[in-house]
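Open the structure in your viewer and keep the selection tool at hand. This tour moves from stop to stop, telling you what to pick next.

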Amino acid sequence: MRRVRFVTVVVAVAGAALLTSISPALGAGTLDFDPPGPPTLSDFTPVTLNGSPQLSSATLTPFSVTDDTGSGAGWKLVFKMTQLTTGVHSLATGSVTMPAPVVVPASGNTATAPIVHDCAGSSALDTAGGCRVAVADPAAPGDGLGSPGTWLFSPKPLVLTIPNDVFVGTYSSTFTATLSTGP
Amino acid sequence: MRRAAALAAMALGVALAAVPVAGAATQPVGSVSVTPGSGSALAPGGGYFLLSGAPNASFEQSVTVANNGSAPVTAVMAGVDATTAAGTGAVYGAPGEVPRRVGTWIVPDEARFELASHETKTLRFSVHVPTGVTSGQYLGGLSVGIGVPSAPPPPASTATSGFGVAITMQTQRVLAVEVDIPGAPFVPNLVVRDTRFATAGIGRVLAVTIANDGNGFAHGSGTIAAPSEQVNQPIAVGTFVPGTSAEYEVPWPAGADEEHARVDVSIDYDGRALRWSGVVGGAPATPTTEPAAHHSGGARVGVVVFVVGGLALALGLVLLVVGRRRRIEPRRRPRPAPRRASRRPARPVQRSRGRG
């Protein structure tokens, strides 16, 4: 009888240990933009050059990011635009700014929210490093989990400053939305 | 003459710009999730690749790429460099950018592939550490991009009747690839490389270029200030990659003195400190960087101080015990009767004598 109990306990402990080792793999998910996908950008509002500095704006659609990796490593969302250029003439870097987006947790998500940032000055969208729109840093104050779960973003308008001495032409740029994981 | 020509061109531009042209944006078709493959060498938590090896080492790793969207996508996979951006910390090259540093070490088996809706693929890539690489922390990334054009767009024509903007959108997932080459300790070393004034948007900025000349990541925070001009800008240093530099731009008040204003840069990072003062564009008035007096001089100095202090303490204790034993032995036989404890706290030396 004692032997049966002993075997039962051993099997139960082994099973629990096996389950513990398997569970993280079963629960591991991904880090991605949720459907319908990453944000899309509207056209910039038209402007008529008149010799004075002017502003033009565009809007990004709301989007969401989900981190189901269970890594606790955090993540970083960076928006970056290449310098606006016609191929002959270019606008100064730092011409495209964007206030920090509003980010709220999805229903049931109680984790510490990622830190959002204004995209202006040396963090304007069209700078060498772009703008860290949101940083989920496990080392930041909070629960230390790196903002897992789903986060809903409501971006603010992008503002393009057009100087008074701009040359006419179509100014091209590539907008890259990067989700990264790293140190 | 050239100025007149430029003015004429601008006037013509203004005249031609009477008809506005709206900017157009092309949109990406989706995004993918990218996770490290099983058996890969990962950082604690498993969020990115962490490899350790000597120069000329090679590593085989894998990633799992999944298309969670409802439309098929064409993905472009490549190694990208990690650099440092002001306020951002480590940032990664965009799809299509040619890597020049660690990004060249990372070579995927497939550079471009298709993924059907809800399809998942596991793909391999290799990391080759070049010979001659010195000890330190190196950072690159494995990038999977969506919406990346197969060829660069032709330069836009300037023969338009107005001002327009054309934006191409793409998305990218990056998993960092950190390669640690052991040997010397990993120690960051931030220095001010350059200061200048520039125009950003329609305003003036003070641009301060800071570099990490060490061989380890730096993390910290500080300020760039010009007290005489009421400028005091907090700055954050998040994962400053060794061997890279970042330009921090500080808004400069209109009409403020650009020739004589003294600028102070102060950053505390990883037990070290950067202190720089000088006139913009000139030589620093005080030595650049190196550990501040109140910062104990970094990890290595701290360890040395700790070890020497510990040895001195141990030696002191040994000498104390030996000395006490020598004094105790002859007095043990005629042990005096215990005295009442004094209310006044005894000094260690007095207590030692009393016990004897």
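## Stop one: a loop on chain B

Select Asn56(B), which counts as exposed because its relative accessibility is 54%, above the 50% cut-off. The model you are looking at is predicted. Asn56(B) sits in the loop between strand E3 (49-52) and strand E4 (58-66) of chain B. Check its backbone next. Phi of Asn56(B) is near 75 degrees, a positive value in a residue other than glycine. Most residues other than glycine have a negative phi.

## Stop two: a positive phi in a strand

Now pick Thr239(B). Its phi is near 45 degrees, again positive in a residue other than glycine. Thr239(B) belongs to strand E15 of chain B. Is Thr239(B) buried or exposed? Its relative accessible area is 6%, so Thr239(B) is buried, the limit being under 20%.

## Stop three: all of chain B

Zoom out and color chain B by secondary structure. It holds three helices and 18 strands. Chain B has 356 residues, and 43% of them are buried. Show the surface. The accessible surface of chain B comes to about 18800 Å². Carbon and sulfur atoms own 59% of that surface. Then turn to contacts within the chain. Among the contacts in chain B with a separation of 6 or more, 69% are between residues 24 or more positions apart.

## Stop four: a strand and its partners

Go to Ser221(B), in strand E14 (residues 218-226) of chain B. This residue is partly exposed, at 43% relative accessible area. Which residues is Ser221(B) in contact with, leaving aside its neighbours within four places in sequence? They are Ile235(B), Ala236(B), Val237(B), Ser266(B), Ile267(B) and Asp268(B).

## Stop five: a side-chain pair

Select Asn189(B), in the loop between E11 and E12 of chain B. Asn189(B) is buried, with a relative accessible area of 17%. Show its side chain together with that of Arg272(B). A polar contact of 3.5 Å joins the two side chains.

## Stop six: where the chains meet

Display chain A as well. In chain B, 67 residues are in contact with 63 residues of chain A. The area buried between the two chains is about 5100 Å². Carbon and sulfur atoms give 60% of that buried area. How many salt bridges are there between chain B and chain A? The count is one. Find it at Lys80(A) and Glu97(B), where the closest N and O atoms are 3.4 Å apart. Polar contacts cross the interface too, in 23 residue pairs. On the chain B side, the elements giving two or more residues include helix H1 (2-16), strand E12 (190-200) and strand E16 (245-251). E11(B) gives the most to this side, with 15 residues.

## Last stop: the cores

Select Trp75(A), Leu77(A), Phe79(A), Leu158(A), Phe175(A) and Phe163(B). In the largest nonpolar core, which has 41 residues, these touch the most other members. Elements giving two or more residues to this core include strand E4 (75-81) and strand E11 (169-181) of chain A, along with strand E11 (163-181) of chain B. Finish with a second, separate core of 29 residues. Among its members are Val32(B), Val65(B), Phe113(B) and Val127(B).

Key. Residues numbered from 1 in each chain as written. Chains lettered and ligands numbered in written order. Predicted model: local features only at pLDDT ≥ 70, side-chain atom pairs only at ≥ 80, totals over all residues. Heavy atoms only, no water. Helix = DSSP H or I, 4+ residues; strand = E, 2+ residues; numbered from the N terminus. Buried < 20%, exposed > 50% of the residue type's maximum accessible area, 1.4 Å probe, protein only. Contact = heavy atoms within 4.5 Å. Areas by Shrake-Rupley, 256 points an atom, 1.4 Å probe, with all protein chains shown as cover. Core = buried A, V, L, I, M, F, W, Y, C linked by side-chain atoms within 4.5 Å. Buried area = accessible area lost by both parts, 1.4 Å probe. Salt bridge = Lys/Arg side-chain N within 4 Å of Asp/Glu carboxyl O. Polar contact = N/O pair within 3.5 Å; in protein donor to acceptor, adjacent residues only side chain to side chain.
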